[in-house]
Each structure stands twice: as structure tokens, then as C-alpha cells.
Amino acid sequence: MTAPAAEAEEASANWARARAGVGDRIFAGSALAAGLTILAALAGVFIFLAIKGASGFTKPAEVYGPHAESFLGYVLPLLVGTFTASVIALIIAVPLSFGIALVISHYAPRWIAAPVAYVIDLLAAVPSVVYGLWGAFFLANKLVPMHVWLHDHIGPIPIIGNLFGEPNPAGRSVLTAGIVLAIMILPIITAITREVFSRTPRLHEEAALALGATRWEMVRMTVFPYARSGMVSAVMLGLGRALGETMAVTMVLSVGFDLSWNIIATSSPTSIAANIALKYKERSADLLNVLVATGLVLFLMTFLVNFLARWIVGRSERRMAR
Amino acid sequence: MTTLEEVQTRVHVPLVQPRLPRQAPAVVGVIAVAFGALLLVLGLGIVGAVILGAVAYLIALPVWSLVIEGRRGATDRLMTGLIWTSFGIAVVPLVSLIWRVVSKGAGRIDGTFLSYSFFKTQIDQPVGVYHAIIGTLLVTLGAAIISVPVGVMAAIYLIEYGKGNKLAKAITFLVDVMTGIPSIVAGLFAFALFTLIFGPAYVSGVGGSVALSLLMIPIVVRATEEMLMLVPDDLREASYALGTPKWKTIVRIVLPTALGGILTGITLATSRVIGETAPLLLIAGATDRTNMNVFDGAMTTLPVLIYGQNLRGDAPAEAIAWGAAFILIVIVMVLNLAARIVGKIFAPKKG
């Protein structure tokens, strides 16, 4: 082989490598940029809400409206409203979701399980505003007899009875909003628990059955212990969804400022998200700052809940991998 | 002799526990249905009859089982019943909601409803939701244009480049956390961002797109990530062995293999954000006219229109709201269906 030919070959190889190198660097760079964009977006949410909402924490008393004098006084009833509706939603949705997840993963034969899973996915696909419309125009009316019944029969019982005071004549209570929320968070809890239930090792299940366990005992002794952390985080993700859900509460609940235990009352405090949706139209700069500040509180709260949920899942996955 | 007696009494222990006959649940079920029907005839409402029928089933079968099979069997029967009941309860609202939307909304749909906006040039001009359909499509398209490149490239970084390093782990974790951001917070973010830049009264379609993309990106990342993980390493290594640079391997080998799943994920993400209301309420506003310019002026979308009609609350407004809800549900269902079909078409060929 002569020297010039070898040189030319080397040059062409270099050239090819160099060209590939440029392409690779551009591509890798843009992929990295996209990843960083996500981090930036998340940081941006916090930063922009903080900039816009910072002054909302310390406004003169009259900005906080007729019912409160400070930011704390303004946001506290909203927090109560947010948590009341979310807790009602969880109490209803969690047992139902676990049941449905068990139907899909362990109880139903395969040809029923697939359509069942599809139906639950459909629940997730329905837009929240349609749930709100359905809740406001249909469900609220249908639940009026239930409100009356609860007030008449459970109302007189001490302690628990406090929850069922004077009912809302149109059924637009926190209870109704919580029921609509429950339907909306049901799919996410079901999806996650179904996933962890179906990951239970087959051998554990068969061992339990071989020892003479009934099906429910098998579920209680092998499936639940194995899936516990997944179930906890599913509930927390459901809670995160319920805390931030806007439209169902906005459209269903009749808003007031009475802080009471009565969950079927005519005027209960609304949630943070719903309050923003109801008030943003006033567009006075001061009130907007306050609203953004409440939004920041909501963001940090849901961030914390989701963070904990994911952390629990991640920890258990690591433990399983070992 | 005493030992023989002992043996005889011991032999009497049964080897099999007594069981209910196989048809027991069906028999009790039929009786419960008959009981419910009886209550219905006696004048109880349909809801009450169904509830009491179900309760009757849930009590009767475990009690029968308790008598024959003992406590453990009874618990099992009861839990089985409860678990199936939970599924039944979840289906009720779905059926009720879809029936409601179809029965109230389908009748409102006609040519004028789809081709007129709220803006009247004559006093007796009919109204429709054309402006909201256009708004929905433009805002969602904008969100997809932002989210798809960012989401897909980020997933490529996570799987192909950053596999296992600290940054990739942090991004994966934060993407998971990001899926839980409340939609109204995304709206507030876009609102804060755009009003800081363009002044306090700013509303536009593109602001809505930015807010929606914040909700859409995590879904796209997760879907793409999962599909890229399924691409076998053999394919990548075969490509490298032929001297193909990494980026070309990704573009020509990895992405086409995963295309079906990625497109499905994108379609599902679109169907998820197309029904979002709260963020658009804040930043995209509402208008009666058809607005084709996403960078300037308010833009009504279908969910915002439904909310607005709900606030007005009179009969014609309610009819429009149900009609718009029907269109929205149809769009979402079509997107879901399309996602499945696309996934089938682009699925990697076997063999």
C-alpha cells in the first residue's frame, strides 16, 4: 500500500468520524436540552408563581374581602374546603378502586377483565368539565333525597350528627362535590393498584391456596402485603389529583364562608382551585396577586403529596429489585 | 377394645369441609333479583329496589355459607360479593353520564350548531359553537407542537444518553411528580409568565397552549420512555456494528421501531388535555367571535364554553352546554379509538 493512498483513507475515515461526531453532538445536545427544559419548566412554575404571588401574602386588610383580614384568614377556609372535599372523595373512592383493581387482577376471568379495565380508562378520559356539568345539572338533584334522609336519620345522632346539619335544598353541597371528585380520582387509583396487584408473585398466591386458604384469605395474605406501598402511593396520588381538581368543585358547590362540620350545608367554603376559577374574572391587580399566592400554596401542597407518593413507590421498587 | 373405639371415633373426622353447591351464588342472585323486583312492584323506586336487592344478596349468601361452610367461607363469599359490587357501583356514574350527554346533547347537533359562532350579525341569527371548536383545535394543536418535540427528545435523553446517571434519575422522578400538577396551577403559571412579559390584560390562545403543554409533556415523556425501553438492544448493537453513528441509529432504527407506541402515547396525551378547562379560563379567556390568530386576543374552547353556559344557567344555555359536551366527548372518544388503531398499524412487524 502506498503512502498517499493510506493517507487518503485515513483522511476519509477521519472525515466520516468528524461528520458523525457533529451529528451526534447536535442530537445529544438537543436531547439534553429537552430534558433540561422540563427541569426549567418545573422551576419556572415555582419562580413565576412566587414573583407574581409574593405580594399577595401581605396586602392591606381590605383586599382580602369581607370575610377575612389577612392572608391566613383568607386561605384557611379554602384549605378546609379543599381538604373536606378531597377526604370525602378518598373515603368513597379508595375502597371502590381497590375492589375494582382486584376484580381486574384476580377475580374476573380474562375475557371480563380486559373490558372492565377499558371501562375504567373511559372514566379517566371524560373531561372534567363534563363531570362538572353532569354533577351540577343531574347528580345534585338526584342526591337531594339522600341529603334529606341523612339529615333526618343521622343528624340527631351526637357527634356524627354534626356532619349532617341543615341540608342544601338543591343538593349542591360539599358531599356532592366530593362524590363527583371520587368518580374522577377512581381511575388513577385503580390503574396503579391494579398494576401492583398483578405483580404479586404467582408462587406466593399458589402457596397460600395450596395451604387451604380461601380466595379472600389468599388476597389478604399474599397480595396486600406485597402491594402495600403501591396502595399507599396510589391513594396519595389520588389525593393529589383531588386537591387540585378545579371544575367539579367550581360547578357543583354552592359557595359560602361558614366554617362548620356540616358537609351537606348550603354554604361551605370552596377549594383553593375552585376559588381561583371563580374569582379571577374580577381582575383587580391586588386580588390577582392574592389568588396567585393561594395557587402557590396549592402547588406546594400537591407537589409535596406527589413527591411523597413517588418516593414511597421508588423505595419499594428498589427493595424489590434487590 | 378401648383402642378400637378410639380409632372408630377418630375416623369420623371428615376429610373435606362441607361446601355450598356450585350454583349457590346464582340461586341466591336470582332470589335477590326477585326480591328487588317485588320491592319495585310494591312501589319502591328503581334505585332503592336495586340497592336493597344487592344488600339482600350480600347478606343472604354469607349467612347461608356461615351455616354450611363456617366463618372463613362466609368471609370469602362476602368479600367476593363486595368486590364485584364495587365494580357495579363504578359503572353506574359512567353509564349515567354518557347516557345523559348523549340524550341531552345529540339532539342539539346540526349544521348550524357546528357552523355558526356566538357572534350575531343579525338579530335572529342562530348560534353555534364553531368558534369554540376552532379554538379547541388550535390551542390543542399548539400544545402538541410544543410538547411532542420536547417530550420525545427528553425521553430519548433519558433512555439513550443519560441511562442511569444522576441527572436522568432526577428528571425521571420530577416528570413523575409533574404528572400531578393541578391544571389550575399550570394556568396560573402561563398567566404569570405572559402577564409579566406582555402586560396585565394579556389573553391569547398560545398562552393556553403553553399551560396545556405543561400538563402534556410528562404524559408524552412517560409513554415514549416506556416504548424506547422495549426496543431490544440487539437492534442498536447491530446498527453500531455497521458503523452507523448513534444519532442515526436512534432516528432510523430505534424511533421507527417504537413509533406505534409513541404515536399512541401522543394521541392519548392529546385527548387528556383537550378537555382541560381551568388553565384556559385564566389565560385564553372567552369570546363570542371566531378567532383564528393564536397570538392575539381571547380564544374560546369547548370546555370553557361549557363552563360559561353552565354559569348562565338558563334553558337555552343548558342545551348549548350539553351539545358542546357531546361534541367534546365524541372528540375524546375518537382520539382514544385512533390511539388504539394507530398503535395497531405502526406496531413493529413480526417475523
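A residue counts as buried if 20 or more other C-beta atoms lie within 10 Å of its own, with C-beta atoms placed from the backbone. By that criterion, buried residues make up 46% of the 322 residues in chain A. The model is predicted.

**Chain A**
- Chain A contains 11 helices and 0 strands.
- The radius of gyration of chain A is 27 Å, well over the 20 Å given by the globule rule for 322 residues, so chain A is more spread out than a compact globule.
- Along the principal axes, the C-alpha atoms of chain A fill a box of roughly 105 × 70 × 35 Å.
- Of the contacts in chain A with a separation of 6 or more, 79% are between residues 24 or more positions apart.

**Contact between chains A and B**
- Chain A contributes 72 residues to the contact, and chain B contributes 69 residues.
- On the side of chain B that touches chain A, helix H4 (residues 71-105) of chain B supplies the largest share, 19 residues.
- That side of chain B comprises 50 nonpolar, 12 polar and 7 charged residues.

**Helix H13 of chain B**
- Helix H13 (residues 302-312) of chain B is mostly covered, with 8 of its 11 residues buried.
- Among these buried residues are B:Leu302, B:Ile306, B:Tyr307 and B:Asn310.
- In chain A, the buried residues of H13(B) pack against helix H4 (128-142) and helix H9 (247-252).
- Within chain B, their packing partners are helix H6 (130-161), helix H12 (278-283) and helix H14 (315-345).

Definitions and conventions:
Residues numbered from 1 in each chain as written. Chains lettered and ligands numbered in written order. Predicted model: local features only at pLDDT ≥ 70, side-chain atom pairs only at ≥ 80, totals over all residues. Contact = placed C-beta atoms within 7 Å. Helix = DSSP H or I, 4+ residues; strand = E, 2+ residues; numbered from the N terminus. Nonpolar A, V, L, I, M, F, W, Y, C, P; charged D, E, K, R; others polar. Buried ≥ 20, exposed ≤ 12 C-beta atoms within 10 Å, placed from the backbone. Rg over C-alpha atoms; globule rule 2.2 N^0.38 Å.
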